[in-house]
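Here's a quick tour of a protein model, written for someone just starting out. Take a look at the sequence and the 3D view, then read on.

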Amino acid sequence: MVRIPTFSVYIDEESSRKVKGGSHMDDSKIITLYRERDERAITASAEKYGAYCFAIAQNILKNSEDSEECVNDTWLKTWNVIPPQMPRCLRAFLGKITRCLAFDKYRATTCEKRGGTNIDEALDTLIEVLPETSDAESEYEAKLLGEALNRFLAELPKRERDIFLCRYYFLYSISEIAKKHGMRENYVRNLLSRTKKKLKTYLEKEDFVL
Amino acid sequence: MKKALLFHAFDYVRDDFLESAAGSMEVSVRENINLKQFGIIAACLLLAIGIVFGAMAQNDTPELILEHRILEKAERPWSVGGWNATFHDFTFGNIYEHFDCGSSIALSRWTITVEADIAEILPDAYTDPVSGMPYRIIRFYVNDVIAGENVPTEFYFRLEESLSCELEQFDRFIIGIKQVGVENYPMYNETQGQFEGFSLLFETSNLRGAEYGAFIAFDGEFDHGLAMTDALWKLDGWYDASTDYIGEFRHDYAVYPFENGDSLNAVKSKIKKFVRENPCGTNMRVYTVADFHNERTASIFDYINSVENGIFTQKMYRFDGDLYLHYTLYINGFETPQNIELVLNEHGNAKVGTNRKLFTDEDMASVPELAPILETLDFDAITPPHTENIEDFEVYSCHASGFYARKNKYSEMFGVIKIRWQLVENNAVCYDDLYILVSVDGTQQTVERDQLPNIIGENSNVVFREYNKPYYTLNSGVDD
């Protein structure tokens, strides 16, 4: 008689997808430190969002030293603007500062001549969706376009919106986006192409003029 | 310049949009567990026992976790006489069971309907390990839930290979989905030669009637049904045509009322209206059972796991909102009438529906061996005993099988060899059969089918078809 073993079950929690979370200081506490002019605010910001800000800068500058410098400048600028500003979302706030600083550095240095950076690759393709406009770059026009972008993005499905912003705001490469989202590069490329077409149609439909 | 303008325009993007996008780059797609691979099997029985536990309130819906993993399994080759099989015991973490709870009249294809995008098409070829049917597996991301509740944001979907096409050309899909099995349904990866488990694996079994709306693709506007009768989509008033085509409207053939050329939004709102007017149980609930180990059910599972000389296969199915776990005892790979049924309801109550214990461990150790008998059967020497003018017939099929039987726990145990023929004359197929009772001491005797209920009790393996009666004609499509 062949003895047939019984079946057993085990639980493997490690194999579940993990959602990233942190054990860092709460954002509200960090902002309070800024408000109270406690320099621990900078340490806490760096601990929690240093890598995030570095990634944003690096995507634009492609240079570690310059990116680190941008990140350090981010803490300084944040120190100077909080208060009076009280950001509701600290990560987005810091990210925007880093992004602007990195872009300024990008324009100021010889980066522009290098070409082939993420910023060139990304924005060169997106520019074509913009309507004809004067070359003047004013804060007002940027705001108008930004508001139109928000209305457009609000209509997109979440995933499509995420990928669009990963590409054109955070300036991640297509392969990085595909890898992180578990998709093929071709699929990401096609998705972005479709989203750009939609944006173009949207701006035309809104009669968007700068 | 334009580039700078564009760059700075993004400064005004909403923080919550940026948060979401940043978050999407932080969660990695989990990599496959690198486990030892197993070879291709000749025949297999899949023994998948998932134990549901956890005590959660009915309204407290936990996160539905999408997983794709290589299944770690123990392979138990079983070979007795000329009969070979391989048992595959899958072990996997199984915290929650997920399935759609349709009503009893319709395990409906449309009770959960989603608008989805393709996230990934898995490159390998898969087959269902039970049916052998080939599939492609696609990971879909849910953009919108058109009907249903507690639907996951992502799911795996299996699409019959015969219906596959270049899906990337389409923008959007609307799919009526039905879960395949429960969590960690195993599919065989033909390319890699391994079993892989998919949590939240769905299909729509109405694909052959995809013109009925179970799987439709959009490219700007509704235009493609992935159907075998593609022309149906193009008809004006195709909804009426489809309804006529399937005759009387049945709930298990959902015909979505939309038109060729409808926009995505129009299709969605029509489906929502249709589902509202034809309610059929739309919840996909996480099914957990509180007090799973109550006194009665705990002892059942203790018993099932303690049996040494046999093994229980499990069948799990839903009926009317309840979960049924049906266990059947197999000894030496042959079925017995010993079964246990547990009924678990959504309120966390578990009860024993049936507990038919016929064989003790000692009994199981002393049942007669059937495999050697099957192995040495000389089919050419056995004549179908009940068919008149047998010389006019050709043997279309001959099938021999074995099972154990016992009228009650006090009566004699028997092994039973059943031989069944399909015999053909002028394309008409008749049945014949022969039963051999095998006693514990190995004695064999042929018995008439009519005698069996008195000897071994009622048994589903004993089928009372009329002899000398044509049941179907060949090429009519009727299958036995």
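In which crossing, left-handed or right-handed, does helix 1 of chain A pass helix 2 of chain A? The crossing is left-handed, a word used if the near helix is turned anticlockwise from the far one by less than a right angle, with right-handed used if it is clockwise. Keep in mind that this is a predicted model, where local features need pLDDT of at least 70, side-chain atom pairs count only at pLDDT 80 or more, and totals for chains, interfaces and linings use all residues. Residues are numbered from 1 along each chain as its sequence is written, chains are lettered from A and ligands numbered from 1 in the order in which they are written, and side-chain values use heavy atoms, with hydrogens and water left out.

- Two packed helices are described by the angle between their axes and the distance between the axes.
- Helices (H or I, at least four residues) and strands (E, at least two) are DSSP runs, numbered from the N terminus.
- Helix 1 of chain A covers residues 27-35 and helix 2 of chain A covers residues 40-61; their axes come within 8 Å and cross at roughly 145 degrees. Axes here are lines fitted to C-alpha atoms, for helices over the stretch in contact, and angles run from 0 to 180 degrees between N-to-C directions.
- On the helix 1 side of chain A, the contact (heavy atoms within 4.5 Å) uses D27(A), I30(A), L33(A) and Y34(A). Helix 2 of chain A brings residues including R40(A), I42(A), K48(A) and Y49(A).
- Sort the residues of this contact between helix 1 and helix 2 of chain A by class and you get seven nonpolar, one polar and three charged. Ala, Val, Leu, Ile, Met, Phe, Trp, Tyr, Cys and Pro count as nonpolar, Asp, Glu, Lys and Arg as charged, and the others, Gly among them, as polar.
- R37(A) sits in the loop between helix 1 and helix 2 of chain A. Its phi is near 55 degrees, a positive value in a residue other than glycine.

**Helix 2 meets helix 4 in chain A**

- The axes of helix 2 and helix 4 (residues 90-108) of chain A come within 9 Å and cross at roughly 30 degrees.
- That makes helix 2 of chain A roughly parallel to helix 4 of chain A. Angles under 35 degrees count as roughly parallel, over 145 as roughly antiparallel, 65 to 115 as roughly perpendicular and the rest as oblique.
- Helix 2 of chain A passes helix 4 of chain A in a right-handed crossing.
- Among the residues that meet here are Y52(A), I56(A) and L61(A) from helix 2 of chain A, and L94(A), G95(A) and F103(A) from helix 4 of chain A.
- This contact of helix 2 with helix 4 of chain A has 13 nonpolar, two polar and three charged residues.

**Where chain A touches chain B**

- Helix 4 of chain A and helix 2 of chain B pack at about 90 degrees, with axes 9 Å apart, so helix 4 of chain A is roughly perpendicular to helix 2 of chain B.
- R91(A), A92(A) and K96(A) make this contact from helix 4 of chain A, and D15(B), L18(B), E19(B), A22(B) and G23(B) make it from helix 2 of chain B.
- Helix 2 of chain B (residues 15-24) has buried residues (under 20% relative accessible area; exposed is over 50%, partly exposed in between, with a 1.4 Å probe and protein chains only), including F17(B), L18(B) and A21(B).
- The buried residues of helix 2 of chain B pack against helices of chain A, among them helix 7 (139-155) and helix 8 (158-168).
- N150(A) is in helix 7 of chain A and counts as buried at 12% relative accessibility. Neighbours within four places in sequence aside, N150(A) is in contact with Y12(B), V13(B), R14(B) and F17(B).

- I82(A) and P83(A) are joined by a cis peptide bond, with omega about -15 degrees.
- The bond from P83(A) to P84(A) is cis too, with omega near 10 degrees. P84(A) lies in the loop between helix 3 and helix 4 of chain A.

**Chain B at a glance**

- Chain B has nine helices and 25 strands.
- Of its 480 residues, 54% are buried.
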